[in-house]
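This report concerns the structure shown below. Please keep the sequence and the model in view while reading.

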Amino acid sequence: MSTRCRNDLVGSKARITSSLNSWRESMVAVQEIWNDTTARSFYSENFPGLEETLTRMTISIQEAAEMVRGFERALEDDELHG
């Protein structure tokens, strides 16, 4: 079960990373058309810290996946030596 959990975490991380990349590409496209004071106000009011939050999420998910892998290793060691 832990391998499935780890794979789910890795898959979630990949989807969030993909979404973040799509977001960045979309923002570049929109900013080419709409780049004035109103746009900047809109971005800061409606999307404050979005990229940072998604980046922190991917880091946390990666850490969780590594933790699960550590649990897997510990269980394997217990099964071999216990």
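The sections below treat the basis of the report, the nonpolar core, paired positions, salt bridges, aromatic pairs and a surface patch.

## Basis of the report

The model is predicted, so local features need pLDDT of at least 70 and side-chain atom pairs count only at pLDDT 80 or more, while totals for chains, interfaces and linings use all residues. Residues are numbered from 1 along each chain as its sequence is written, and side-chain values use heavy atoms, with hydrogens and water left out.

Helices are DSSP runs of H or I with at least four residues, strands are runs of E with at least two, and both are numbered from the N terminus. Accessible areas come from the Shrake-Rupley method with a 1.4 Å probe, and for residues only the protein chains shown count as cover. Buried means under 20% relative accessible area, exposed means over 50%, and partly exposed lies in between.

## The nonpolar core

A nonpolar core is a set of buried Ala, Val, Leu, Ile, Met, Phe, Trp, Tyr and Cys residues joined through side-chain atoms within 4.5 Å. The largest such core consists of seven residues, namely L9, I16, L20, L54, I61, A65 and V68. Helices α1 (2-33) and α3 each contribute at least two residues to this core, and α3 provides the largest share, with four residues.

With residues up to four places away in sequence not counted, A65 touches R6, L9 and V10. T58 lies in helix α3 and is buried, at 10% relative accessibility. Leaving aside neighbours within four places in sequence, T58 is in contact with K13, I16 and T17.

## Separation in sequence and in space

G11, in helix α1, is partly exposed at 21% relative accessibility. G11 and I61 are 50 residues apart in sequence, and their C-alpha atoms are 9.8 Å apart in space.

I59 belongs to helix α3 and is partly exposed, at 44% relative accessibility. I59 and D36 are 23 residues apart in sequence and 33 Å apart in space, C-alpha to C-alpha.

## Salt bridges

Side chains of opposite charge can pair when their charged atoms come close. Here a salt bridge is a side-chain nitrogen of Lys or Arg within 4 Å of a carboxyl oxygen of Asp or Glu. The whole structure holds four salt bridges. One of them joins R6 and E72, with the closest N and O atoms 2.9 Å apart. Because R6 lies in helix α1 and E72 in helix α3, this pair ties together parts that are 66 residues apart in sequence. E72 is buried, with a relative accessible area of 4%.

E72 also forms a salt bridge with R69, the closest N and O atoms being 3.0 Å apart. R69 and E72 are three residues apart in helix α3, so about one helical turn separates them. R69 itself is partly exposed, with a relative accessible area of 24%. A further salt bridge runs from R69 to E76, where the closest N and O atoms are 3.7 Å apart, and E76 is partly exposed, with a relative accessible area of 39%. Through shared partners, salt bridges join R6, R69, E72 and E76 into one network.

## Aromatic pairs

Rings of Phe, Tyr and Trp (its six-membered ring) pair if their centres lie within 6.5 Å; planes under 30 degrees apart count as stacked, over 60 as edge-to-face and the rest as tilted. The whole structure contains five aromatic pairs. In one of them, the ring centres of W34 and Y43 are 5.8 Å apart and the planes stand at 70°, so the pair is edge-to-face. W34 is partly exposed, with a relative accessible area of 30%, whereas Y43 is buried at 12% relative accessibility.

The pair of F42 and F47 is edge-to-face because the ring centres are 5.8 Å apart and the planes lie at 75°. F42 is partly exposed, with a relative accessible area of 36%. Ring pairs link W23, W34, F42, Y43 and F47 into a cluster.

## A nonpolar surface patch

Patches are made of residues with over 30% relative accessible area and no salt bridge; like charges are joined within 9 Å, and nonpolar side chains (Val, Leu, Ile, Met, Phe, Trp, Tyr) within 5 Å. V30, I33, W34, F42 and F47 make a nonpolar surface patch of about 460 Å². F47 is placed in the loop between α2 (37-46) and α3 (50-81) and is partly exposed, with a relative accessible area of 32%.

Technical notes. Buried means under 20% relative accessible area, exposed over 50%, partly exposed in between (1.4 Å probe, protein chains only). Contact means heavy atoms within 4.5 Å.
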